Amino acid sequence: MTKNRTTTIGVASLLLAAGALGATGLPAAADSGTGEARTATGTSNAQEARAFCSGPGVGIYRDSGHRTYKGRFTSIDTESLRDKKARAYAEDIVKGDKVQVQRSIKPFKMKNHVQHPSTKYIKEKKGGYKSCSKKANWFDANVRDWMVTKTVKLQIGGNKSYAVRSCVFPVSGGKGCTKWFVDHK
């Protein structure tokens, strides 16, 4: 009987520790942009954002566009081998900075060259965009000096790819974004 209690306490302790890590902001957080309001389908915006942001993004990535803004470096990183995911990366950050990967709602037909549409075109012709964010905590800013978001889908079947970009939001204000990037064949 004692053995089972020890195991139960050990598992409960691990679950509490995992919950505490989640509360500290170490993993990337989804940004729904409008809080916990319910959508017409009955799901919350936070649930919808979690479904949009699809995990840690394990893989090999390449810089598909970058920018420096107020001393912060940000890049849109796209998966090199499978070309299925994209994520935002930022470095030279301070606690409270935010990095965001933004993706068009509707995909583009891929061409033989990389495309860089305007934000106006994405809003008017592609249904706008959604985002997945990560806010820098103390560890990100003072130990690693970099952070990365969860991934968003980059390509879908039928030779189509979404437009993606990375934006950094310094805690002091403002926003610096890379060009929109649409992958090519």
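Predicted model: local features only at pLDDT ≥ 70, side-chain atom pairs only at ≥ 80, totals over all residues.
## Strand β5 and its partners

Strand β5, which covers residues 98-104, is mostly covered, since six of its seven residues are buried. Strand β7 (residues 129-135) pairs with β5 in the antiparallel sense over seven bridges, and within this pairing Val-99 stands opposite Lys-134 of β7.

β5 is also joined to strand β12 (residues 163-169), again running antiparallel, through six bridges. Here Gln-102 has Arg-165 of β12 as its bridge partner.

## A three-stranded open sheet

Three strands form an open sheet in the order β6-β11-β10, and their pairing is antiparallel. Because β6 (108-109) and β10 (155-156) each have a single partner strand, they stand at the edges, and one side of each is left without a neighbour in the sheet.

The pairing between β6 and strand β11 (residues 160-161) is antiparallel and comprises two bridges, with Lys-109 standing opposite Lys-160 in β11.

## Residues with positive phi

Most residues other than glycine have a negative phi. Against that background, Lys-70 has a phi near 50°, a positive value in a residue that is not glycine. Lys-70 is found in the loop between β2 (61-69) and β3 (72-79), and its relative accessibility of 45% places it among partly exposed residues, a class that lies between the 20% and 50% cut-offs.

Asp-145, likewise not a glycine, has a positive phi of about 65°. Asp-145 lies in the loop between α4 (138-144) and β8 (146-148), and with a relative accessible area of 29% Asp-145 is partly exposed.

Technical notes
Residues numbered from 1 in each chain as written. Heavy atoms only, no water. Buried < 20%, exposed > 50% of the residue type's maximum accessible area, 1.4 Å probe, protein only. Helix = DSSP H or I, 4+ residues; strand = E, 2+ residues; numbered from the N terminus. Pairing = 2+ DSSP bridges.
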